[in-house]
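Please read the following note beside the sequence and the model. The points are numbered so that each may be checked in turn.

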Amino acid sequence: MAKAKLDPTEGTPFEAVIGLEVHAQLKTRTKMFCGCENRYGAEPNTLTCPVCLGHPGSLPAINRRAVEYAVRVGLACGCEIARFTKFDRKNYYYPDLPKNYQISQYDMPLCGGGAIDVYVGEAKRRIGLTRIHLEEDAGKNIHAEGRPESWVDLNRAGVPLLEIVSKPDLGTPEEAGAYLRMLRQILLYLDVSDCNMEEGSLRCDVNVSIRPRGTSALETRTEIKNLNSFTFVENALAHEIRRQIKVRSSGGTVEQQTLLYDPARDETRVMRGKEEAHDYRYFPEPDLAPLSFTEEWVEGLRRSLPELPAARYERLQNALGLSAYHADVLVRDRGMADFFEECVALYPKPQAVANWVVNAVREEANIRQVSARETGVSPSRLVDLVRAIDEGKVSNQKARDVFKALLGNERPVADVIRALGLEQISDDAFLRDAVSAVIQEHPGPAEDVRKGKKNSVNFLVGQVMRRTKGQANPGMVAKLIGEVLGAS
Amino acid sequence: MSPGVLETAAAVRGRKVKAAESVAEAIGQIRRVDPQLHAVSQVREDEARRAADDLDRRIARGEDPGPLAGVAFTAKDNICTRWGTTTAGSKILESYRAPYDATVVERLARAGAICVAKTNMDEFGMGSSTENSATVGPTRNPWRTTHVPGGSSGGAAALAAATRGMIHLGSDTGGSIRQPAACCGVTGIKPSYGRVSRYGLLAFASSLDQIGVLEADARECAAALSAMAGKDPMDSTSADVPVPDYVAGLEKGARGLRLGVPKEYFPEGVDPEVEARVREGIDVLRRLGVDVREVSLPHTRHANPTYVLISAAEASSNLARYDGVHYGYRSSEAGSVLEVYARSRAEAFGPEVKRRIMVGTFVLSAGYYDAFYNKACKVRKLIRRDFEAAFREVDAVVSPTSPVTAFPIGDKIDDPLKLYAVDVLTVPANLATVPGVSFPCGFTRAGLPVGMQLYGRPFEDGTILRLAHAFQEATDHHRKAPPVRA
């Protein structure tokens, strides 16, 4: 799906082993363990209460909706859903963590196993998942340049967070990028996360090691944190793989470290070494009773899953006959694909509709940073336009102008075409007169056509178009010229 | 003598006494005894009067003021109240003001009761003598002011003995309601785990903590529990089990109930006088028609070490939030975040709290978890099974509450193990999540009260209150007044 990029191990005797830990904030109305609003961008510390502030005596209460969202993600990824699960405390001190422990899940995650299918170039690869678990987000420490003190904003503290851990099944930065994009699509399709990396609702840590090509043991890995765009993930991985290859090639050994990536300089720096690794002293959260789920509940959620991006990608190609490119572009944006499918339901010519959605609608949506629906042209009006082209009422070239004129109003397509003077003339008698006139004016080229010179047909068509101010139906004109000059 | 809790409520509801008068009377009692006892950390005077006046106006308008109308109550200083400070007896929360009321405080207020004071305690509930209070200092026993009142709810116990007609909220993690109740000659119940919401109780060990009350008798405990118990959406560990009218349930009497005497609960180290009084108490119950038989709780001897490990582990995590960053004491010496943590905690936690945080941190650490914390959790299950087995044969089990009576201030404070040993007969209830009630069953020759303890099935708190009530109808140990008495 993405174009091939350089594999940093190419030409070396090493291969890379990559695993990703993705954190996705769930877009529940309230936080994970209290009733505070779960919203980005509010004034600092305004979306807080004794529970998410970690005040003495406060207790967590589980947001069932967050559990439901997490199980939906697990089901979408083919995970085993635990019928019995619990929360644990992960103990560490940090100012953005008001209780100095995070309520998370340790040895009994909500979801285990599962996999995500990703497409790299022409190949489809299945990336295994280790687990998916639910936890609470921490707040945010704010450090101002040149000031001795720091601030803490706890609006984010307690926001439901899904941790999705892949197996070390990824071999290249490109695969890692493809995996992230597919995971993001799944979360967006399930409508459980905004997946906005800039706002931090989707975050990624990577684990990477290298080993001699063809071997299977896992070797010492480094972890890179703080990667807040897919491109940074790919760049940081490429950088780190090259670094590890350099270390190994010069006879050194890779040390187990946690690194921070600096995208501005494309370098990593050491955050902590192995000896500083935390002992999180996990133990079962005694403030929360364990959770158990009935088969009916899980199956009900399974039945309610929407069609997922991979399945849609396949269906758009196999059932609707779209190209891989069109299917990919549409599936990437659920709103765009939904828009497309609505159009096809009204006018079942998928390829023609796809051309218009992928080119015109998507371009407009991208320029204005809005969804397909927000571009201001409804599926029914877009379909009217495509139908007008197919029926010869407007030329393909002129249709782009019609499309622009459709935006932001409710006028019928036919009216717009008429108002722009772009109605295509398909009237047989009118066109025959025009063709006769042109043939009389240009006897030379007409003679050439009679002798079978195709180029001269185009010349004569051009003259007819000129004479009709571009409104003649060019297909019909060509046909008529052939008929009149007996050289079709 | 001041009237009891139920009499006060009846008088206020019947417009014979104003809530304002009841509250003034309660505050007066506290003011009279506290100089000798050091039982309270704060008295709520103006606000309590305003609340009482407000209640009186509602009564005058003909509104139902609630079953505990005009009854004064005190909250242990680890129970959050919007008014005043909530310190848990610790320097680290010396000036901490809770932004909310604990659920029990709300529920008592909704029942018409009015908070008048916060009571002294061992820091974060860690102690059995109320000597570990960094805010008030040691509370004294009203029976003998040179002696401890027990702990950690020592302030509540001392007030329950020295005053009348109030509800005293305590908390019990390993005996912190029952042991001081025994030391002070009052009746104290630790309800079943999950019976009363913990929301607003500063956590010591979350899986063991439970809020209860210390009162003059079982009837008052029943009245308070009826108002406090029940599911709370803010506490996931509170149980959705119907709350009976515990007071009405008392009238069913004790006849026909089966009472188990576990042989493991009269071990070496129980003061012979304590054992004698408890055995006499068992005879009283037998004469009331209770079917007394021997039972066995074979894992009892492992209860104390199990308790020490689990409670310390949970405490090490629960107390992590007291770090000087968001609220509470912050060291003025600190230059970095790490120093804020280290110095604030070093300067403001007392030695017993530090000891337990260190033990708890250790037993949860990688490499030690299985040998300590995990094993303790397994033993806890065995202890719970002991009770399940015993409760298939009997409706309650009986034991001394504490192996010893109140001891002199300073006697055990320098020897943690000696002090932990005091908890040996009370910790099993917390580990097994069963309810336990302690009530006076006599006195030593030296004139100190002896407590007798009953355990019941989870959520059958009413059964042990019934037995205690029957006992108290037949005896008058609970009516004896200590030398310090308002």
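Is Phe124(B) buried or exposed? The model is a predicted one, and in it Phe124(B) has a relative accessibility of 2% and therefore counts as buried, the limit being under 20%.

1. Most residues other than glycine have a negative phi.

2. Phe124(B) also belongs to an aromatic cluster. Ring pairs link Phe124(B) with Tyr96(B), Tyr322(B), Tyr327(B) and Phe349(B). Over all chains, a search of the whole structure finds 23 aromatic pairs.

3. One of these pairs consists of Tyr93(A) and Tyr341(B), whose ring centres are 5.2 Å apart and whose planes make an angle of 55°, a tilted arrangement. Tyr93(A) lies in the loop between β4 and β5 of chain A, and Tyr341(B) lies in helix α11 of chain B, so this pair joins two chains. Tyr93(A) is partly exposed, with a relative accessible area of 29%, whereas Tyr341(B), at 7%, counts as buried.

4. A tilted pair is also formed by Tyr369(B) and Tyr373(B), with 5.2 Å from centre to centre and 45° between the planes. Tyr373(B) counts as buried, with a relative accessibility of 5%.

5. Charged side chains lie over aromatic faces in chain B. Arg279(B) is placed over the face of Phe266(B), 4.0 Å from the ring centre. Lys412(B) is placed over the face of Phe407(B), 5.0 Å from the ring centre.

6. How do two helices of chain A meet, and at what angle do their axes cross? The axes of α2 (residues 173–190) and α5 (residues 309–318) come within 9 Å and cross at roughly 95°. Angles of 65 to 115 degrees count as roughly perpendicular, and α2(A) and α5(A) are therefore described in that way. From α2(A), the residues Met182(A), Gln185(A), Ile186(A) and Tyr189(A) meet Pro309(A), Ala310(A) and Arg312(A) of α5(A). The residues of this contact comprise five nonpolar, one polar and one charged.

7. Asp191(A) is placed in the loop between α2 and β12 of chain A. Although not a glycine, Asp191(A) has a positive phi of about 60°. Its relative accessibility of 41% makes Asp191(A) partly exposed.

8. A cis peptide bond runs from Gly151(B) to Ser152(B), with omega near 10°. Most peptide bonds are trans. Ser152(B) is found in the loop between β3 and α5 of chain B.

How values were computed: Residues numbered from 1 in each chain as written. Chains lettered and ligands numbered in written order. Predicted model: local features only at pLDDT ≥ 70, side-chain atom pairs only at ≥ 80, totals over all residues. Heavy atoms only, no water. Phe/Tyr/Trp six-rings, centres within 6.5 Å; stacked < 30°, edge-to-face > 60°. Helix = DSSP H or I, 4+ residues; strand = E, 2+ residues; numbered from the N terminus. Buried < 20%, exposed > 50% of the residue type's maximum accessible area, 1.4 Å probe, protein only. Lys NZ or Arg CZ within 6 Å of the ring centre and 35° of its normal. Axes fitted to C-alpha atoms, helices over the stretch in contact; angles between N-to-C directions. Parallel < 35°, antiparallel > 145°, perpendicular 65-115°, else oblique. Contact = heavy atoms within 4.5 Å. Nonpolar A, V, L, I, M, F, W, Y, C, P; charged D, E, K, R; others polar.
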